[in-house]
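This report is written for a reader who is meeting the structure for the first time. Please look over the sequence and the model before reading on.

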Amino acid sequence: MSRHLVIMLHGVGSSGGDLAPLGDIWRPDLPETGFSAPDAPFPFEQGVGRQWFSITGVTEQNRPQRVAAARTAFDATLNRLMAEHGLAGRPERVVLVGFSQGSIMALDAVVSGRWALAGVVAFSGRLSSPAPLTPPADLPVLLVHGARDPVIPPGETERAALTLQRLGVAATSHILPGLGHSLNTEGVALAGRFIATALSARE
């Protein structure tokens, strides 16, 4: 049983094992927190790994519908993990940490109003959820993006931050110089501090 839970959501064509080492970095400062890095529900059609939704033929216009269609499997994953850690029905004790497509799904979990979480960390992501957007008030969200990301432009994080702030979300963003579509020590440290603060605020 865990007092809190951090669920790490990988990007397309990846797997949970790629993000699992983050738990080893953050665990010393979060001794009563469980960490889980699940595989996404669906196989990646374009290669190895898994995906939360298909990117084959994806466009700006159809991405929101794909995100919405992925919610059932995504929510089932979260519910299963929370139950395994003794936190069923306690989303306020859970932080989601996403990377790329995992960030899209993490942000969707809250802006759709489905999950009143302790907080969300979105690395190298974008806000792609369909309307209406009804996030819980004052939900803390940290957005981190590499300034040299060739996959998802950093402007997506800047736009997401502005939208979230207009919706009443306590969103902060950091664009990290020189970083591509990946994580670095600075971003991981920012996330670790954010997670500790977000979870302590729910005590």
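This is a predicted model: local features need pLDDT of at least 70, side-chain atom pairs count only at pLDDT 80 or more; totals for chains, interfaces and linings use all residues.

## An enclosed strand

Strand 6 covers residues 119-123, and because five of its five residues are buried, the strand is largely enclosed by the rest of the structure. In a regular strand, the side chains alternate between the two faces of the sheet. Both faces of strand 6 are covered, with Gly-119, Val-121 and Phe-123 buried on one side and Val-120 and Ala-122 buried on the other.

## Its two partners

Strand 5, residues 94-99, runs parallel to strand 6 and is joined to it by five bridges, and Phe-99 has Phe-123 of strand 6 as its bridge partner.

## The nonpolar cores

The largest nonpolar core holds 35 residues, of which Leu-96, Val-141 and Leu-143 touch the most other members. At least two residues of this core come from each of several elements, including strand 1, helix 4, strand 5, strand 6, strand 7 and helix 6, while helix 5 gives the largest share, seven residues.

Leaving aside residues up to four places away in sequence, Val-141 touches several residues, among them Leu-107, Val-120, Leu-164 and Phe-194.

Technical notes: Residues are numbered from 1 along each chain as its sequence is written. Side-chain values use heavy atoms; hydrogens and water are left out. Buried means under 20% relative accessible area, exposed over 50%, partly exposed in between (1.4 Å probe, protein chains only). Helices (H or I, at least four residues) and strands (E, at least two) are DSSP runs, numbered from the N terminus. Two strands pair if DSSP finds at least two bridges between them. A nonpolar core is a set of buried Ala, Val, Leu, Ile, Met, Phe, Trp, Tyr and Cys residues joined through side-chain atoms within 4.5 Å. Contact means heavy atoms within 4.5 Å.
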